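Me: I'm trying to learn how to read a sheet strand by strand, and I'd like a close look at one part of this model. Could you walk me through it slowly?

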Amino acid sequence: MTAPYTGRCACGAVTLAIAAEPVGTRQCWCRQCQQIAAGGPTHNAIFPAAAVKISGTLAHAAWQAASGNTLTFHFCPACGTQIFAQSSARPHLKTVRFGALDAGHGLEPEVVIWTEDAPAWAQIDPTRESWPQQPPAAPPPPSGT
């Protein structure tokens, strides 16, 4: 059995419970992530969508990413906390923001992406796998699993 993850927005109006381990963790330096993260990268854990249970009302915004996919960002309309994002190319996954997870989750980025968009002052860990843009997508899980 996997250890569940829990989380909430800053005001507590939105909570989440995740009943799976992440399929991956990333630090993203794309321009959209820099815009929503006050100039730095976002830090994300990617989970099977079915494993992420959200309570509370979410607002959302969508735009076309540099990858060509539509990204939809879900956030608390009361406090603005980013909860998760979802790509049109991978609807079977939810990309949960580390900041929405409760403290002590123990996750850290395994991969750094969109490094070509990072500002000159960014410090990118050279020991982590990195990609100048979006890495190739993992195939979706077989149906019925």
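Which residue in β8 does Leu71 stand opposite? Please start there and then show me what surrounds that spot.

Reply: Leu71 stands opposite Ser87 in β8. Before we go on, this is a predicted model, so local features need pLDDT of at least 70 and side-chain atom pairs count only at pLDDT 80 or more, while totals for chains, interfaces and linings use all residues. Residues are numbered from 1 along each chain as its sequence is written, and side-chain values use heavy atoms, with hydrogens and water left out.

Strands are DSSP runs of E with at least two residues, helices are runs of H or I with at least four, and both are numbered from the N terminus. Two strands pair if DSSP finds at least two bridges between them.

Now your spot. β7 is joined to β8 (residues 82–87) by 5 bridges, and the two run antiparallel. They form a hairpin with 6 residues between the strands, and Gly80 in that turn has a positive phi of about 85°. On to β6: β6 and β7 pair over 6 bridges, in the antiparallel sense. His60 has His74 in β7 as its bridge partner. β6 and β7 also form a hairpin, with 5 residues between them, and here Gly68 in the turn has a positive phi of about 95°.

Have a look at Asn69, in the loop between β6 and β7 (70–75). Asn69 is buried, with a relative accessible area of 18% (buried means under 20%, exposed over 50% and partly exposed in between, using a 1.4 Å probe and protein chains only). Leaving out residues up to four places away in sequence, Asn69 touches Trp63, Gln64, Ser87, Ser88, Ala89 and Arg90; a contact means heavy atoms within 4.5 Å.

β10 (residues 111–113) and β11 run parallel and are joined by 2 bridges. Val112 stands opposite Ser130 in β11. In the loop between β10 and β11 you'll find Trp114. Phi of Trp114 is near 55°, a positive value in a residue other than glycine. Trp114 counts as buried at 7% relative accessibility.

One more stop: Phe98, in the loop between β9 (93–97) and β10. Phe98 counts as buried because its relative accessibility is 12%. Among the residues Phe98 touches, not counting those up to four places away in sequence, are Thr25, His43, His105 and Pro109.
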